[in-house]
There are 2 protein chains.
Amino acid sequence: MKELEERIAKDAKVLPGDIVKVDGFLNHRVDCQLVASFADEFAKHFDASKIDIVVTAEASGIAIGALVAYKLGVPMVFAKKAKSGNLGDELYKANVHSYTYNKDVTLVLSKQWLNSSNHVLIIDDFLANGEAVRGLIELVRQSGATLEGIGIAIEKGFQHGGDKLREEGYDVYSLAIIDEINDLHVKFRD
Amino acid sequence: MKELEERIAKDAKVLPGDIVKVDGFLNHRVDCQLVASFADEFAKHFDASKIDIVVTAEASGIAIGALVAYKLGVPMVFAKKAKSGNLGDELYKANVHSYTYNKDVTLVLSKQWLNSSNHVLIIDDFLANGEAVRGLIELVRQSGATLEGIGIAIEKGFQHGGDKLREEGYDVYSLAIIDEINDLHVKFRD
């Protein structure tokens, strides 16, 4: 998505350690008009008529998930980050290792709000090694719902989490794929 | 807002301890169409032409904040919940006591994304004793921005946080005010 790539080139801060900071328009201050337009791009790739719910993760997925779901005319449910493993039987649960914070978190989602009749579009802001997305996939798997696809704003292609998921057969569509960071400048995949 | 009151009456679960659980349409699974329509109600009460940013708090404010901001044509910034008090000088900070979780949290917001030129609409899902909203007001005060108003989805009127804020001169507008909970049934303010 040209507009997102241009915005990243203009406003993202690239920090040592291949960190791409987009908190000016994506995950602290949110440019809601730009993010809502992501839905149009996802609708070009995925069959939007099949999708009946968007699944994302707190906190940085919520704004994107909500705006994309609104534009697709469906509800959104977000997995919460739980502190404890002892969470009762009424939740789907998936353990995820966060490399950003170097700790394990448990993603939880109430069984009440996702079931085998649903057709899911997973949405997230970033995909790097793919841990968070794999947690969401696991929640969807536990629910028995059909996974229609995975829509990502920014993929760090050089960490290969997205490519591995595609090799496994998942339909992962990222609006901007960064394949290289050199001298704090980003290079996008064609 | 009649539609929200009807939805609460139909789908909210009232639990002992005056807990109103709306995680089927507001803060776990989100009915994005309903929530986006909140913006039209807020635009009737507040002067939307003055507002240039929505400020809310993670996590349950983000979906509402993003959808209202999108419909008002402005960006949204959400305060994050920090674990530690030692957070550097580049953040606005406000300590908030959460009665729900019985602990103190620090709300933080990057100075980069809110300043004295901004005109702010604060948005949150719930207002009870008013602690969270007061934290957001404090962040706005530190930034020097002009606070144009405070828009709330559900106010627990019987906890009087909203009334105290109104007495202090804040323009607090809640789409549904629950004034009484009797036998696990809610009664709305006229």
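This is a predicted model: local features need pLDDT of at least 70, side-chain atom pairs count only at pLDDT 80 or more; totals for chains, interfaces and linings use all residues.
**Exercise 1. Charge pairing and polar contacts between the chains**

Determine how many salt bridges and how many residue pairs in polar contact link chain B and chain A.

*Solution.* Step 1. Step 2. Polar contacts are counted next: ten residue pairs, both members at pLDDT 80 or more, are in polar contact between chain B and chain A. Step 3. The side of chain B that touches chain A is then sorted by residue class, which gives 19 nonpolar, seven polar and six charged residues.

**Exercise 2. Extent of the interface**

State how many residues of each chain take part in the contact, and what area is buried between chain B and chain A.

*Solution.* Step 1. On chain B, 32 residues are in contact with 32 residues of chain A. Step 2. The area buried between the two chains is about 2800 Å², and carbon and sulfur atoms give 63% of this area. Step 3. Three residues, B:His28, B:Tyr70 and B:Trp113, supply 26% of the area that chain B buries against chain A, more than any other three residues.

**Exercise 3. Elements at the interface**

Identify which elements give two or more residues to the side of chain B that touches chain A, and find which strands of the two chains pair.

*Solution.* Step 1. The contributing elements of chain B are strand 3 (29-30), helix 2 (32-45), helix 3 (62-72), strand 5 (76-82) and strand 7 (103-110). Step 2. Of the side that touches chain A, helix 3 of chain B provides the largest share, with seven residues. Step 3. Strand 5 of chain B also pairs with strand 3 (residues 29-30) of chain A, in the antiparallel sense and over two bridges. Step 4. Within strand 5 of chain B, B:Val77 stands opposite A:Arg29.

**Exercise 4. Relation of the two copies**

*Solution.* Step 1. In general, a rotation about an axis and a shift along it relate two copies of a chain. Step 2. Step 3. Step 4. Both copies use the same surface, since 100% of the contact residues of chain B recur in chain A.

**Exercise 5. Backbone features in the loops**

Locate the cis peptide bonds that end at A:Ala59 and B:Ala59, and place A:Asp18 in chain A.

*Solution.* Step 1. In chain A, the bond from A:Glu58 to A:Ala59 is cis, with omega near -5°. A:Ala59 lies in the loop between strand 4 (53-57) and helix 3 (62-72) of chain A. Step 2. In chain B, the bond from B:Glu58 to B:Ala59 is cis, with omega near -5°. B:Ala59 belongs to the loop between strand 4 (53-57) and helix 3 of chain B. Step 3. A:Asp18 is not a glycine, yet has a positive phi of about 60°. The loop between strand 1 (13-15) and strand 2 (19-21) of chain A holds A:Asp18.

How values were computed:
Residues are numbered from 1 along each chain as its sequence is written. Chains are lettered from A and ligands numbered from 1 in the order in which they are written. Side-chain values use heavy atoms; hydrogens and water are left out. Contact means heavy atoms within 4.5 Å. Buried area is the accessible area (1.4 Å probe) that two parts lose on being put together, summed over both. A polar contact is a pair of N or O atoms within 3.5 Å; within protein, one must be able to donate a hydrogen and the other to accept it, and residues adjacent in sequence count only if both atoms are side-chain atoms. Helices (H or I, at least four residues) and strands (E, at least two) are DSSP runs, numbered from the N terminus. Ala, Val, Leu, Ile, Met, Phe, Trp, Tyr, Cys and Pro count as nonpolar, Asp, Glu, Lys and Arg as charged, and the others, Gly among them, as polar. Two strands pair if DSSP finds at least two bridges between them.
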